Amino acid sequence: MNLIKRIFDLKGAPVLVAAFLVLFIAEGRRPLRKRNLPRGKRFFINAIVSLPAFTLLRFLFLPAMVKLAMKNKKLQWGINYQYNGHPYIKGMVAFFIMDYTNYLWHILNHKLPFLWRFHVVHHCDPDLDVTTAIRFHFGELIGSVFYRGAFVFLSGATPLNVLLYEIFFEGATQFHHSNWKLPYNLEKNLNKIIVTPRMHGIHHSMIKQETDSNYSVIFSFWDRLHNTVRLNVNQDVIVTGVPSYSNPDELTVRYLLKLPFTKIRPWNQVSGVRDVRASLPGKNNLAE
Ligand SMILES: [Zn+2]
């Protein structure tokens, strides 16, 4: 467990905190979408909601993943233990497997009602910025231990692979949730490889058809591979959130923490929000 301290606590965590601050400042200076609520209020709500999830991430999720990877090393069962290759190549293979299966996990979070109960806490944020990246219900994290653990085992990821992937995963999540307006051409090029703020902004739309797209986490090509990509939506027409959970007065810390254990409302309960929108031409234009 010393490895978690050495890699995650002493190297990853400071980098992630610095990245959070840089993105927080950048999105304040160059916002991509208009805000609905004051920044400070949302920061407070998202930070408190994230506390149990972060505690579990550090003291349950990471130790569980590292233990599984160590067990696998002894048993030599995973894919990476079945061939000879440079550790860098094996690290890349494990990285791709973990990222691809996280894309599938994200789809399951939207399609399976039991998982949506928890993921809705993240999606009902009325704005999208770097603080949304930490707004996850702790229940979602507990569920992911079993799913993601299975693929750590299957891939044959080493404990170091697991920790490095987690650092990149958290960093990418902060980046693509941020409300930072990158130069259009830069983002268009970046988006060929990784998920960017405009791409993920569409995934947080109140239009169901748009939420049901762009599930990738780090690499954007999983969505292209499975035809779940949607880039032809202007950011200024996106209304962020979930229609049936769109009353900001209701979305208190207390309410959000108990939300998964209440009767979940159907998506489109608010009148006036359509389920589909006429698409702009071309699926891959990352509209301005
Ligand atoms: Zn989602």
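**Zinc site, helix packing and cores in a predicted model**

Along the chain, the donors of the zinc ion follow the spacing H-x3-H-x8-H-x3-H-x79-H. These protein donors are His-106 (NE2), His-110 (NE2), His-119 (NE2), His-123 (NE2) and His-203 (NE2), which lie 2.1 to 2.3 Å from the ion. Donors are N, O and S atoms within 2.8 Å of the metal (3.2 Å for Na, K and Ca), and water is not among the atoms, so sites may look incomplete. Helices (H or I, at least four residues) are DSSP runs, numbered from the N terminus.

The model is predicted: local features need pLDDT of at least 70, side-chain atom pairs count only at pLDDT 80 or more, and totals for chains, interfaces and linings use all residues. Residues are numbered from 1 along each chain as its sequence is written, and side-chain values use heavy atoms, with hydrogens and water left out.

Two packed helices are described by the angle between their axes and the distance between the axes. For helix H1 (residues 2-29) and helix H6 (residues 159-177), the axes come within 10 Å and cross at roughly 10°. Axes are lines fitted to C-alpha atoms, for helices over the stretch in contact, and angles run from 0 to 180 degrees between N-to-C directions. H1 and H6 are therefore roughly parallel to each other, a label for angles under 35 degrees. On the H1 side the meeting residues include Leu-3, Phe-8, Gly-12 and Leu-23, and on the H6 side they include Pro-159, Leu-163, Glu-166 and Phe-175. The residues of the contact of H1 with H6 divide into 14 nonpolar, three polar and two charged. Here Ala, Val, Leu, Ile, Met, Phe, Trp, Tyr, Cys and Pro count as nonpolar, Asp, Glu, Lys and Arg as charged, and the others, Gly among them, as polar.

Within H6, Glu-166 is buried, with a relative accessible area of 2%. Leaving aside neighbours within four places in sequence, Glu-166 is in contact (heavy atoms within 4.5 Å) with Phe-8, Leu-57, Phe-61, Leu-62 and Arg-148. The C-alpha atoms of Glu-166 and Phe-95 are separated by 9.7 Å, although these residues are 71 apart along the chain.

The largest nonpolar core has 29 residues, of which Phe-8, Phe-61, Val-152, Leu-163 and Ile-218 touch the most other members. Such a core is a set of buried Ala, Val, Leu, Ile, Met, Phe, Trp, Tyr and Cys residues joined through side-chain atoms within 4.5 Å. The elements giving two or more residues to this core are H1, helix H2 (39-75), H3, helix H5 (138-155) and H6. Apart from it lies another core, of 15 residues, among them Val-49, Cys-124, Leu-259 and Ile-264.

Pro-14, in helix H1, is partly exposed, with a relative accessible area of 41%. Gln-76, in the loop between H2 and H3, has a phi near 55°, a positive value in a residue other than glycine. Asn-214 also has a phi near 55°; Asn-214 lies in the loop between helix H9 (208-211) and helix H10 (221-225). Gln-76 is partly exposed at 41% relative accessible area, whereas Asn-214 counts as buried at 0%.

How values were computed. Parallel < 35°, antiparallel > 145°, perpendicular 65-115°, else oblique. Buried < 20%, exposed > 50% of the residue type's maximum accessible area, 1.4 Å probe, protein only.
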